[in-house]
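This briefing is an orientation for a reader who meets this protein for the first time. Please look over the sequence and the structure below, and then follow the topics one by one.

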Amino acid sequence: MAWSAHSDPEQIKEIFDSEEQMEKNVDKIVNILNTCKHVVFFTGAGISTSAGIPDFRGPDGVWTLQAQGRRREKKSVDTLRAIPTPTHMAIKKLLEVGKAKYLISQNVDGLHRRSGVSPQHVAELHGNTNLEKCETCGNEYLRDYHVRNNPHVHKHYTGRKCPCGGPLMDTIINFGENLPEKELQNAFEHSDRADACIVLGSSLTVTPAATCPKMVAKHGGQLVICNLQRTPLDDRASVRVYAYTDELMKRVMKKLDLEIPKFKLHRRISIKTSVRPKSDDPKSTRWSVTVKGIEEDGTPATIFKSVTFKYGKTTDQQPCSEEPFRVSVTQKVPDGDVSVDLKISFEFFGHYLEPTLEIQRTVNLKSDGKVRNTAILDYLYDPTTRLWEEDKREA
């Protein structure tokens, strides 16, 4: 909101460290990452500006422009098409190798989870534009589209329903609304345990989120702040960096001898197969295949625009344009076991220009009993080459 913009020109002003000071700060941060036992990252909108997503209180921030009555000159990038930045990918790597234990984020753009950060390692305090939650049972659903569609600021029902029958709500936290209890509790617990907190790209003016870094400093932990503008917690910082977060994290990772991983879009696919004989016709078998997208923790993910199942003759195909994506077929089965060759074509939403992914499966038909199994397949998509590859690492 415009009223939350910086009113003092000195607060809006961006500051840059000298090369000498930058190197000293990098060395200090590397030492913190190498020696501290429970490092927590805390991120704000400033880490996503290099992806084309505007911040809020920078010189050309959303709230700054509104307060000054100016229009944006640069074209912003839709968060669905934005590529996670080197900062996003560096944090992912540091969490993977154990040099950082947890991530607290004020960002709603979803880039942390898209970068590959496990849901168990991040608290998105202000929500996620792609995540909706059931008001009744609490189950979450990650979508490959913006879930918020209610024109009223403080109304969050999306009009969609959970399988339990409960209404789904977007997870965006607007001014004046309470932060999600579970996420806030996790953030506070990790802040209480942290011996270091590294703040990247946040003005630290929004509470209660900004309470987390303050907690770390208050109980004697080291507080690192990297932000181009001054923050209310600067006097508590052990290390204060005035630099672009990408520039800082590239240097830190280089001195740690850790490569910043290249972003690849991860898609996990669940394929459930069921085969059972028909009770009224022992010579016939009914088989079905159901596919869905899921996250690492099992959270359902709407990632397919449509799915087409092709089997038997080339004319035997069944396109599905809405969930659940399922094919169910009854056919005669001769004595013994036979199989059906099944080709599944996945059409994605195409935010990164993903081509259709085709996979081959074999459905083994058994006339003497029921068969049920679920296969989990992982695929990676490189937006620079526009190619899919199967990720054969252990799920």
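L353 is found in the loop between β17 and β18, where helices (H or I, at least four residues) and strands (E, at least two) are DSSP runs numbered from the N terminus. The model is a predicted one, in which local features need pLDDT of at least 70 and side-chain atom pairs count only at pLDDT 80 or more, while totals for chains, interfaces and linings use all residues. Residues are numbered from 1 along each chain as its sequence is written, and side-chain values use heavy atoms, with hydrogens and water left out.

- Leaving out residues up to four places away in sequence, L353 touches Y381 and R386, where contact means heavy atoms within 4.5 Å.
- L353 and T384 lie 31 residues apart in sequence, and their C-alpha atoms are 10.0 Å apart in space.

**The protein as a whole**
- The protein has eight helices and 20 strands, and of its 395 residues 49% are buried.
- Among the contacts with a separation of 6 or more, 63% are between residues 24 or more positions apart.

**Nonpolar cores**
- A nonpolar core is a set of buried Ala, Val, Leu, Ile, Met, Phe, Trp, Tyr and Cys residues joined through side-chain atoms within 4.5 Å.
- The largest nonpolar core has 36 residues, of which W287, V289, V291, F309, I344 and F346 touch the most other members.
- At least two residues of this core come from each of β11 (265–278), β12 (281–294), β14, β16 (325–332), β17 (338–348), β18 (357–365) and β19 (371–382), and β17 gives the most, with five residues.
- Another core, of 32 residues, lies apart from the largest one, and its members include I32, V224, C226 and V252.

**Helix α8 and its two partners**
- The axes of helix α2 (residues 19–35) and helix α8 (residues 245–255) come within 9 Å and cross at roughly 55 degrees; axes here are lines fitted to C-alpha atoms, for helices over the stretch in contact, and angles run from 0 to 180 degrees between N-to-C directions.
- That angle makes α2 oblique to α8, since angles under 35 degrees count as roughly parallel, over 145 as roughly antiparallel, 65 to 115 as roughly perpendicular and the rest as oblique.
- The contact is made by E19, M22, E23, V26, D27, I29, V30 and L33 of α2 together with E247, L248, R251, V252 and K255 of α8.
- By class, the residues of the contact of α2 with α8 are seven nonpolar, no polar and six charged, where Ala, Val, Leu, Ile, Met, Phe, Trp, Tyr, Cys and Pro count as nonpolar, Asp, Glu, Lys and Arg as charged, and the others, Gly among them, as polar.
- The axes of helix α4 (residues 86–96) and α8 come within 8 Å and cross at roughly 35 degrees.
- Here the contact is made by P86, T87, A90, K93 and L94 of α4 and by T245, D246, M249, K250 and M253 of α8, and the contact of α4 with α8 has five nonpolar, two polar and three charged residues.

**The surroundings of helix α4**
- Helix α4 is mostly covered, with eight of its 11 residues buried, namely T87, H88, M89, A90, I91, K92, L94 and L95.
- These buried residues of α4 pack against α2, β1 (39–43), β2 (102–105), α5 (111–115), β8 and α8.
- G98 follows α4, and the phi of G98 is positive, near 90 degrees.

**Three further residues**
- T308 has its place in strand β14 (residues 304–311) and is buried, with a relative accessible area of 18%; leaving aside neighbours within four places in sequence, T308 is in contact with Q317, Q318, P319, K343, I344 and S345.
- P208 is in the loop between β8 (196–200) and α7 (211–218) and is partly exposed, with a relative accessible area of 29%; beyond residues up to four places away in sequence, P208 touches L179 and F188.
- C164 is in the loop between β6 (157–161) and β7 (167–170) and is partly exposed, with a relative accessible area of 45%; not counting residues up to four places away in sequence, C164 touches C134, T136 and C137.

How values were computed: Buried means under 20% relative accessible area, exposed over 50%, partly exposed in between (1.4 Å probe, protein chains only).
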